[in-house]
Amino acid sequence: MTWLDRYFFKPSFLQKTLAFLLLPFSFLYMVIAILNTKFKKEITFNLPIISIGNLTLGGNGKTPICKAIATEFEGCFIILRGYKRQSKGLIIVKHKDEILCDIKKSGDEAMEYALTKHISGVIVSEDRVKGIQKAIELGAKIILLDDAFSKFHIKKFNVLLQSKEKPFFDFTLPSGAYRLPKSFTKKADFIAKENEDFVRYSHVKENQKAILISSIAKPFRLYEHFIKARACYFFADHYTFKKEELEKLLKKHNCDTLMLTFKDYVKVKDFGFKTELIHLDIVLKDSFKQVLQDYIDQFNKKEENATTLNPR
């Protein structure tokens, strides 16, 4: 675990002491976070909008969950902020089978979605409302919002992910890992619990000529694969790799292959290195899929009723 992982999930005595010392700042953060969810008029759209989010810091599986849902339903567009992208505003990353920008403009997560075949469209936009409007214009049938739980001004179906790894303290940042107060759980339409509503699988072939590199949140999730590579290196979440630094690491260990997740692969795929992918897959339980289907069916029934009332 990194220092931050230990601080939030398995703190030492000194880290616990620090967390309590920072409580006044957590209270201020909590007040600001709550105010940011208020005073906006709710906006309704006439198609299914599903938000996949979490109350704590990243690493709970939003990206693979979104990909798994997009596999189940046709015409899914994914809208996300595009964290750490080198661009601003609304950008269409993918429409149908065409990728329309590079990773610098999209960000790593958006490009991972774009390279997934069964996803119809990917849009990055700080303003989710504008992103939704553009997706509708492009023919979206279902919209998935990656990490938009706090956008309560958008009428949507809120899926809140609950990982099996829970923060040590129930505090908001910086004393705890919560981005919103834990009490906001009640605002979720469905709480998806790991190993109950979805199952996470991770697998990769052993390769002792490979070094494992990771820039994902909670890299300790890859613990079972550490022994499958000759060496492991961990970088900050969303880190931008440089070809020269990876060449040095490979040379240092006399290796010729990078072992990495798909999220990291999209950032190094043009460097020319041999790669061994760590597959992070999510399988949705039937009960979870049925909850989503019931929500989507509500819109289908509305369309059918509208057609009946207004025949051509």
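In this predicted model, the protein chain is divided into two domains, of which domain 1 comprises residues 39–198 together with 284–309, while domain 2 covers residues 205–277. The centres of domain 1 and domain 2, taken over C-alpha atoms, are separated by 28 Å. Contact between the two involves 16 residues of domain 1 and 11 residues of domain 2. The size of an interface is often given as the accessible area lost when the parts come together. Between domain 1 and domain 2 the buried area is about 1,200 Å², with carbon and sulfur atoms giving 56% of that area. On the side of domain 1, Asp108, Glu112 and Glu165 supply 37% of the area buried against domain 2, which is more than any other three residues.

Polar and charged interactions also cross this boundary. Four salt bridges are found across the interface of domain 1 and domain 2, and five residue pairs, both members at pLDDT 80 or more, are in polar contact across it. The side of domain 1 that touches domain 2 receives its greatest contribution from helix α6 (residues 108–114), which provides four residues. Sorted by class, that side of domain 1 has seven charged, five nonpolar and four polar residues.

A search of the whole structure finds 16 salt bridges. In one of them, the side chains of Glu165 and Arg221 meet with an N to O distance of 3.0 Å. Arg221 also forms a salt bridge with Glu194, at 4.0 Å from N to O. This second pair links distant parts of the chain, since Arg221 is placed in the loop between β10 (210–214) and β11 (231–234), whereas Glu194 is placed in the loop between β8 and β9 (198–203), 27 residues apart. Arg221 counts as buried because its relative accessibility is 17%, under the 20% limit, and Glu194 is likewise buried, with a relative accessible area of 8%.

Another salt bridge joins the side chains of Lys274 and Asp256, at 3.6 Å from N to O. Lys274 lies in strand β13 (residues 274–284) and Asp256 in the loop between α8 (243–252) and β12 (257–261), so this pair ties together parts that are 18 residues apart in sequence. Lys274 counts as exposed at 52% relative accessibility, whereas Asp256 is partly exposed, with a relative accessible area of 33%. Through salt bridges that share partners, Glu165, Glu194, Arg200 and Arg221 are joined into one network.

Helix α4 (residues 62–72) is mostly covered, with nine of its 11 residues buried; among them are Pro64, Ile65, Cys66 and Ile69, as well as the lysines Lys62 and Lys67. From this helix, the side chain of Glu72 meets that of Lys289 in a salt bridge of 3.8 Å, N to O, and the pair links helix α4 to helix α10 (residues 286–309) across 217 residues of the chain. Both partners are partly exposed, Glu72 with a relative accessible area of 41% and Lys289 with one of 23%.

Ser175 counts as buried because its relative accessibility is 1%. A polar atom of the side chain of Ser175 lies 2.6 Å from the backbone oxygen of Ala19. When residues up to four places away in sequence are not counted, Ser175 touches Tyr7, Ala19, Leu22, Leu23, Ser26 and Phe169.

Notes:
Residues are numbered from 1 along each chain as its sequence is written. This is a predicted model: local features need pLDDT of at least 70, side-chain atom pairs count only at pLDDT 80 or more; totals for chains, interfaces and linings use all residues. Side-chain values use heavy atoms; hydrogens and water are left out. Domain bounds come from an automatic or database domain assignment. Contact means heavy atoms within 4.5 Å. Buried area is the accessible area (1.4 Å probe) that two parts lose on being put together, summed over both. A polar contact is a pair of N or O atoms within 3.5 Å; within protein, one must be able to donate a hydrogen and the other to accept it, and residues adjacent in sequence count only if both atoms are side-chain atoms. Helices (H or I, at least four residues) and strands (E, at least two) are DSSP runs, numbered from the N terminus. Ala, Val, Leu, Ile, Met, Phe, Trp, Tyr, Cys and Pro count as nonpolar, Asp, Glu, Lys and Arg as charged, and the others, Gly among them, as polar. Buried means under 20% relative accessible area, exposed over 50%, partly exposed in between (1.4 Å probe, protein chains only).
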